[in-house]
Amino acid sequence: MDLSLLLQGIVSGVLASGLYALVSVGLALAIGVIGIINFAHGEFFMIGAFLAYQLFVSFGADPVLSLFFVAPGLFLIGAVIYRSSIQYVLKAPELNQMLLTFGIGIILQNLALVIWGGDPVSISNVPYRSVGWQIAGVSVGAVPLFSFLISLVIVGGLYYVLLRTRLGRAMRAVAQNRTGASLVGLEVNRIYLIAFALSAALAGLGGVMIAVIQSPTPTVGFAFTLKAFAIVVLAGLGNIRGIVWASLAVALSESLVATLVPDGDVLRNAVFFAIIFIVLIARSRRVA
Amino acid sequence: MSILTVRGLGKRFGGLAAVDDLSFDVSQGEILAIIGPNGAGKTTTLNLISGLLSPTAGSLGFKGKEIGRLTPEQRCRLGLGRAFQVVQPFPEMTVAENVLVGALFGKAGVSDAQARRLSRAALERTGLLRVRDTAAEDLTLLQEKRLEIARALATQPDVLLLDEVMAGLRPNEARQAVELVRSVRDSGITIIFIEHVMPVVRDLADRVIVMDHGQKIAEGSYREVTGDPQVVEAYLGPDDEIDSPEDARNAGV
Amino acid sequence: MTSNRRSTERRPALQVPFDLIAVAAAATLLYFVPELLKLVFDKASVSYLSLVTNALTLAILALSWDILARTGQLSLAHAAFFGAGAYATAILGKLTGWPLWLGIPFGGVVAVVLALLLGSVTLRLRGIYFAIATLAFTEVLRAVVQQLPTAIAGGSAGINISPLFRPTFVPGEMDRWEIAFTRNEHYFLVYAGILLFTILISIYLQRSRLRSAFTAIRTNEEVAAVMGVYPAGHKLLAFALSSLVVGFLGAVQAHRIGSVSPDSTFGIGTTVFALVTPIFGGLYTTLGPIIGAGVLAGVEETLKRTFQEGYLIGYGLVLVLSILFMPRGILGVINGLVKRLRGEGPPADPDHELPGERDSE
């Protein structure tokens, strides 16, 4: 077997894991802190991509600069959605939450289709898009590398917030003890609002990157919703720390199959879901 | 004659031994109490007997059969009934529907008509007949506890496992519950119960087993075990001035 | 005060099976729907026929999903069973010269086998874990089908298959719309048959003791088991029944559309609508998913005609508003109204049978 091919697979996998972690950690926040099964999560990601695209087309804004506009933009969108609908289904059965968020997802996706059409778009005219390096026979693109690093910084920042700040402590307290924490009701609702809006913002940041890495269409969101769910479930509900490892595991295996197996690119998805399936089944057999 | 034999029963969660080398017998028709401080492994023991957990060591004999590897529903059909500590009615069903589940499925080959008779009898016995069409989620705590017992009775058990059915009840309610448990025993059902309320243990139990850290540390009559210095220590830790589990209870342990 | 103690143990000897009468009436009505449409709408009847056909397929998906959900299994694998049925009949038709209609029972059987395989390994998974595992199963199955030898499953391109019905047309005797109508009329009747079959299964489940078992397992599996209910068996039974009809549906649909391919046949849409419709109509009932299917199919068509592009925004809004204002679905609203009209009577529950303990008080 070609060693440099293997190395290439590993490097690409590691770099791809950052984006997965960024999107999934947002969903994990929504599920872990608020307890909401959010099937619209991938649409925040999609909107992030198209906002960045629009900023680029209208103002020539560099995607790196767009990060600073898209994040607050999606924070706001997330907050509005929370206030107008999510907060009313917090105690509803999870099926009701699924239907609600699925409806929100349909609205967002079709709004995007009306605004931007169904064709793939991409931010291709940035100077660094074609920049890359060859190290020991392994090619590393500037865009994947920097999106990985940026993701790492953001996810790290989130962990810092969760572990070290008053807000983070409040979020973890709410997550662990829904009934006890609701004694201070108003406070809890505000924390939920922030967590949901933050979760949307994190997905949006991931979207900005996908607009440079790939050429998304407005229908890209749902696929990412499913993948993010799979990663969150793989890490274990409520285990926000585990997201990084779960993302790394699936991104690596996807990338290794894509590079090492002939025609492996078609199998990418299958490998992703096969891993999730096997891990879930194996884990359920271990307990009790 | 012993109806249930527990031999060397053990359950480990990771490195922690929740139940460790536990052995005891239960005779037909007796009322056995299991007491011990929080975390002693009492509920785990009941879970092992009813099949919600599978043991990591030991054997369980019920009516002469080894049941250690059977599923919960198989054990129920053999005659093991169970009422839970945290009351867990099926909230979407009425009281009668809740009890009917046990009557329909508790034993193989029960017809619908028989099941309705059985659940009516269980409701009558537990004093729930008047509220049988109430949604289970609308019951008071006492009624919920009665429902737990009614559901278990409807499965026609030979041995009934009760997990802290008196917890949270007011004294007069607890007295009613004690009467109920006694009448159940008088109808020929063997009872194993976990209890923190010591007067209830004193009034009900023919025999008491004391557990601590997953092990049996004493066994005997109520008087015997409450006089046992090891038991006192388990409840209070060494160097304490209170001298019986009953006092410990009053002291809020 | 003495409560009315007339013999509560026995069921009244003669009980009017309203649900079965309603089903018989609906069946008769369905049989005449195509002719009625033709009579009333003339040329336009083609599109109305396709609308009611869509409603029927949606109802089959929704009701079969609901049957599975009654045991607490929130499946995201409906597309897998649908696809299995479709591919089963397609491959059978391609490799053998057997009569085409045999593909339908075959599709059902293949779907059941897959469902039992999936169901038996996911027995211990709950809630969202179960959902994601079944979704993953669907995606893996799609890839497996795609990787099968092209000579069997046709790879990414899929397989073309013949229609089930080839009505004879005399040139010049019929208008174009009449030809299209005749083609679809037969499919409509087949779908109606599958839906009736599903309804009968559902009613049986609701009338028998299985209703108690399913509800108990859904609300608390451990307690149910301790009370003698056999969760594994009941969950697998629900899986088998649910996938059987979806397998039928997939097989018939494949013939109607004329082809199968991994991407379209295993599309996530099937799964999503199977789940959305019963929640919208009213979960864990026979009537709810069917009402939901009828209303959602109608809503979608109306929006499509009114707004054309972007009409799905309206569809999403309907879903959002429905869950905010009728959390128990359409049937929940209807039941609430009935209750109010009767003046706080017992909740109207058309499927309610057991226990027959209720006194008239």
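Helix α5 (residues 141-154) of chain B lies across β6 and β7 (159-163) of chain B and runs at about 170° to β6(B), where axes are lines fitted to C-alpha atoms, for helices over the stretch in contact, and angles run from 0 to 180 degrees between N-to-C directions. Helix α6 (residues 171-186) of chain B packs on the sheet as well, touching β3 (31-35), β7 and β8 (190-194) of chain B. Contact requires that the C-beta atoms of two residues, placed from the backbone, lie within 7 Å, and helices (H or I, at least four residues) and strands (E, at least two) are DSSP runs, numbered from the N terminus.

| Helix | Reference strand | Angle |
|---|---|---|
| α5 (chain B) | β6(B) | about 170° |
| α6 (chain B) | β8(B) | about 150° |

This is a predicted model, in which local features need pLDDT of at least 70 and side-chain atom pairs count only at pLDDT 80 or more, while totals for chains, interfaces and linings use all residues. Residues are numbered from 1 along each chain as its sequence is written, and chains are lettered from A and ligands numbered from 1 in the order in which they are written.

The sheet of chain B is open, with six strands in the order β6-β7-β8-β3-β9-β10 and mixed pairing; two strands pair if DSSP finds at least two bridges between them. Its edge strands, each pairing on one side only, are β6 (80-83) and β10 (215-220) of chain B, and the twist averages 20° from one strand to the next. Strand β9 (residues 207-212) of chain B pairs with β10(B) in the antiparallel sense over five bridges, and B:V210 has B:A218 in β10(B) as its bridge partner.
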